Amino acid sequence: MLTKLNTYLIHIKGLVQGVGFRPFIFRVASDFNLNGEVENRNDGVFIKINCDEKTLEAFVSAVRNTAPPASSIESIETIQTEFIDFSDFQIVKSNTVSNRVTEVSPDIAVCDDCLRDMKTQPNRIDYPFINCTNCGPRFTIIKDLPYDREKTTMREFIMCGDCRTEYTDVRDRRFHAQPVACSVCGPEYTLHYEGKTIKGISEILNQLGKLFHEKKIIAIKGIGGFFLACDALDEEAVQRLRNLKNREGKPFAVMFSSLQKLKEYAYVDAVEEKSLTSLKRPIVLLNSKKELAPSVCVGFGTVGAMLPYMPLHYLLFEKTKLEVIVLTSGNISDEPIITDNSDALNILTKVADAVVTYNRDIYNRADDSVVTVVNDKERISRRSRGYAPTPINLKLNVDGILATGAELVNCFAIGKHDQAILSQHIGDLKNMETYAFYSESLKRYKQIFRFEPQVVVSDLHPDYLSTRYATESGLAHVKVQHHHAHIASCMAE
């Protein structure tokens, strides 16, 4: 006797865009021999499948328990719907249906599979922009949702035949990986030094090796902005960077070549190691064990340490034989981290001896995130790359509320239904450059997240630029005492 099939509609909410979720659903459906379709909308992933109730339960359980590593499922809702006689299982083109939005994936550290491919795939040998659905840039290149290549800064890079084959093969790890590229068709780095431009990653790495060992300071374009780098064991280079950047008493963050090397210089417990090696790859504040160049930590007994997260980082350590480098924000004093190539060549050359650019635009600026482990729990003190714009899930409706944030280490928040979506780290709102970044980011959040503020909330202090933004918005305006806001945010976390 044949089991009667029904058509079920499954709605999955959470971080399910830009993380290989649709091909994952296709593979699970294939494993269960199910017919139907999966569609990516701006309000989540929708699946229609033909099966019985028992198979539905097993399918949903498999989806929940084996989801892609970079995804995060918030909820799975299932209802029986009008029967559709599907003949196979297909991935349907992305669709925009309402002002509800699914989560936008933060940028993800390069995965081990891609690092292996970087040594074996002919078109990706030492290719510093290698990525797949499990890793690579996301938020920093996204212009709008749904997350498709034409709505990112990869739009202008036309895929070659090999990349197109991977991109369209549902069983390939790079199926619909929007930044997919190789040495034939993708972005490339350029080294600018002493009036010369050098292309070709092999020659660039050779030159960088020489420059680092000659105590030079290098400006390098990262995922979310430029960074300034030098050998963290060379006191002369670090002191020079400190002087040129007008940075007196604040420690520098450093990147180690490996976890093993990091453990020679800092004490690391299990929770700290989990943060260090996570897909987010934040800077983790650790207790020092062995001293770097004195001007790195300037007398503090702690070190802000991180591990490589871009393919270029791995290539850099491999080719230069460096153990640890200073990797600090590419800006001057309190201005925002620089993202534009021409700005870097005009401004960062006042600090750096050489500048490394690439020809893909950064759309959303994102500095490195900073965390500290307290009582065996990761506490975020600077929320940016790897974390933003993941929302905070609340138990109340905050739809339409814009919270403009404080003056120091600012970030803002927008309310979408029962979620507070926090911006990336903006910085100190004390100058017009940072305020321009603030205003630009707010405008982009409104667009990406289909957000129309109904009420604006600000600090009581009338002279904060964030308060001025609220006052000039023309919206209903609520002012909140500064320390009340701190306590409320801790309660939300």
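Predicted model: local features only at pLDDT ≥ 70, side-chain atom pairs only at ≥ 80, totals over all residues.

Q: Where does K261 lie, and what does K261 touch?

A: K261 is part of helix α7, which covers residues 259–265. Leaving aside residues up to four places away in sequence, K261 touches F256 and E323.

Q: How many residues of helix α1 are buried, and which ones are they?

A: Helix α1, residues 21–31, is mostly covered, with eight of its eleven residues buried. The buried residues of α1 are F21, R22, P23, F24, I25, F26, V28 and A29. Just after α1 comes N33, which takes a positive phi of about 55°.

Q: How many residues of helix α10 are buried, and what covers them?

A: Helix α10, residues 311–320, is mostly covered as well, since seven of its ten residues are buried. Those buried residues are P311, L312, H313, L315, L316, F317 and T320. The elements that cover them include the helices α3 (112–120) and α5 (201–213), together with the strands β6 (189–193), β8 (218–221), β10 (253–256) and β13 (324–329). After α10 comes K321, whose phi is positive, near 65°.

Q: How should I describe two helices that pack against each other, and at what angle do α3 and α10 pack?

A: Two packed helices are described by the angle between their axes and by the distance between those axes. In this model α3 and α10 pack at an angle of about 55°, and their axes are 11 Å apart. That angle makes α3 oblique to α10, and α3 passes α10 in a right-handed crossing. The contact is made by L115, M118 and K119 of α3, and by P311, Y314, L315 and E318 of α10. By class, the residues of this contact divide into five nonpolar, no polar and two charged.

Q: At what angle do α12 and α13 pack, and which residues make the contact?

A: Helix α12 (residues 432–448) and helix α13 (residues 465–472) pack at an angle of about 50°, with their axes 11 Å apart. These two helices are therefore oblique to each other, and α12 passes α13 in a right-handed crossing. On the α12 side the contact is made by Y435, Y438, S439, L442 and K446, and on the α13 side by L465, S466 and Y469. The contact of α12 with α13 has five nonpolar, two polar and one charged residues.

Q: How many residues are in the largest nonpolar core, and which have the most contacts inside it?

A: The largest nonpolar core has 73 residues, and those with the most contacts inside this core are Y189, L208 and I325. As a case to follow on the screen, I325 touches F212, A229, C230, A232, A253, V254, M255, L316 and F317, when residues up to four places away in sequence are not counted. There is also a second, separate core of 37 residues, which includes L286, V296, I332 and I338.

Q: What should I look for in the backbone itself, and where is there a cis peptide bond?

A: Most residues other than glycine have a negative phi, and most peptide bonds are trans. Here the peptide bond from A388 to P389 is cis, with omega near 5°, and P389 has its place in the loop between β16 (377–382) and β17 (392–393).

Q: What is phi for N375 and for D376, and are they buried or exposed?

A: N375 is not a glycine, yet its phi is positive, about 50°, while D376, also a residue other than glycine, has a positive phi near 65°. N375 lies in the loop between β15 (370–374) and β16, and D376 is found in the loop between β15 and β16. N375 is exposed, with a relative accessible area of 71%, and D376 counts as exposed at 60% relative accessibility.

Terms used
Residues numbered from 1 in each chain as written. Heavy atoms only, no water. Core = buried A, V, L, I, M, F, W, Y, C linked by side-chain atoms within 4.5 Å. Buried < 20%, exposed > 50% of the residue type's maximum accessible area, 1.4 Å probe, protein only. Contact = heavy atoms within 4.5 Å. Axes fitted to C-alpha atoms, helices over the stretch in contact; angles between N-to-C directions. Helix = DSSP H or I, 4+ residues; strand = E, 2+ residues; numbered from the N terminus. Parallel < 35°, antiparallel > 145°, perpendicular 65-115°, else oblique. Left-handed = near helix turned anticlockwise from the far one by under 90°. Nonpolar A, V, L, I, M, F, W, Y, C, P; charged D, E, K, R; others polar.
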